[in-house]
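Please look over the sequence and the model below before reading on. The paragraphs that follow take up a helix and then the surroundings of a ligand.

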Amino acid sequence: MTDTLPTPGAAAAGAGDAPLLEVRSVGKTFGSVISLQDVSTVVRAGQVTCVLGDNGAGKSTFIKILSGVHQPDSGSLAMNGQQVTFGSPRQALDAGIATVFQDLAMIPLMAIWRNFFLGSEPTTGWGPFRRFDSATAKEVTRRELGAMGIDIRDPDQPVGTLSGGERQSVAIARAVYHGAKVLILDEPTSALGVKQAGVVLRYIAQARDRGLGVVFITHNPHHAFPVGDRFLLLKRGRSLGDFAKGEVTRDEITSMMAGGAELDELAHELERPGD
Ligand SMILES: Nc1ncnc2c1ncn2[C@@H]1O[C@H](COP(=O)(O)OP(=O)(O)OP(=O)(O)O)[C@@H](O)[C@H]1O
Ligand SMILES: [Mg+2]
């Protein structure tokens, strides 16, 4: 069985301008918890779709559906206008959807170049003489990171010696090099300071400029707004809106996310008696 189930007629309906990835009212329930309900958005090539929401809003559930970790209970996904189903993360990856999870799936004590090629090492020779081509791997790692403006001193350096921002950047460069069409990043900037977050935002923009469709998960509108082309806002598993840039301001996003009234209430509760 293939992972692609064509929808009759979808290809004919102008697949040329169909989005790279389309999410059509997906829903997911765990027992009695509705994690996600009726959520839709699109991801276009050369654009960044931001997914914003507070803790427990359903952001991780949403990207796990896109990356084949979970199957949606309702709704569907389409790539280039064709309906697709991903039975596993491998199937999503094979379709070109690469996900950088928050823990990055890197091995800190291993060299940068080994991490870069984890699971897809280049080889030289054939049959019994086939061996790992470390010279090529190091060269490619240096070149690819260089192309994204990351100047590594030594590809033999363990990944654990890189800063958080640099590690995120290596993970992004790795996905780009291995041919991702859609790049999903789960909160890549949340643990970083202002300067390092800026570095990661620049790499997101670079991946976008190389023509990838990027899905950027964050709870920080200040990180989302400068790079985002589209903003999907989630709250308690529901969509508060799916806006194109220009349809919403940063202040509106901030206030929808925080729930202006809830913050006012909190401020009131935190006041000292007599203030
Ligand atoms: N595997 C699971 N089993 C049961 N409940 C789950 C599961 N995964 C998520 N949930 C529930 O679904 C809701 C949404 O969780 P999710 O992890 O998607 O939120 P999030 O927006 O990523 O939050 P955070 O910002 O804290 O990472 C939560 O109430 C969570 O407890
Ligand atoms: Mg999460």
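In this predicted model, helix α6 runs over residues 194-209, and its 16 residues reach 22 Å from the first C-alpha to the last, which is close to the 22 Å expected at 1.5 Å a residue. Along this helix, the residues that count as buried are A197, V200, L201, Y203, I204, A207 and R208. They cover an arc of only 160° around the axis, and therefore they lie on the same side of α6.

What do the buried residues of α6 pack against? Their partners are the strands β3 (48-53), β9 (182-186) and β10 (213-218), together with the helices α5 (164-177) and α7 (221-227). Just after α6 has ended, the chain comes to G211, which takes a positive phi of about 100°.

Ligand 1 is surrounded by F30, V33, S35, G53, N55, G56, A57, G58, K59, S60, T61 and H219. The elements that give two or more residues to this shell are strand β2 (33-43) and helix α1 (59-66), and α1 gives the most, with three residues. Sorted by class, the shell around ligand 1 holds eight polar residues, three nonpolar residues and one charged residue.

Note on methods. Residues are numbered from 1 along each chain as its sequence is written. Chains are lettered from A and ligands numbered from 1 in the order in which they are written. This is a predicted model: local features need pLDDT of at least 70, side-chain atom pairs count only at pLDDT 80 or more; totals for chains, interfaces and linings use all residues. A residue is near a molecule or strand if its C-beta atom, placed from the backbone, lies within 6 Å of it. Helices (H or I, at least four residues) and strands (E, at least two) are DSSP runs, numbered from the N terminus. Ala, Val, Leu, Ile, Met, Phe, Trp, Tyr, Cys and Pro count as nonpolar, Asp, Glu, Lys and Arg as charged, and the others, Gly among them, as polar. The expected span of a helix is 1.5 Å times one less than its number of residues. A residue is buried if 20 or more other C-beta atoms lie within 10 Å of its own, exposed if 12 or fewer, and partly exposed in between; C-beta atoms are placed from the backbone. The arc is that of the directions from the helix axis to the C-beta atoms. Two residues are in contact if their C-beta atoms, placed from the backbone, lie within 7 Å.
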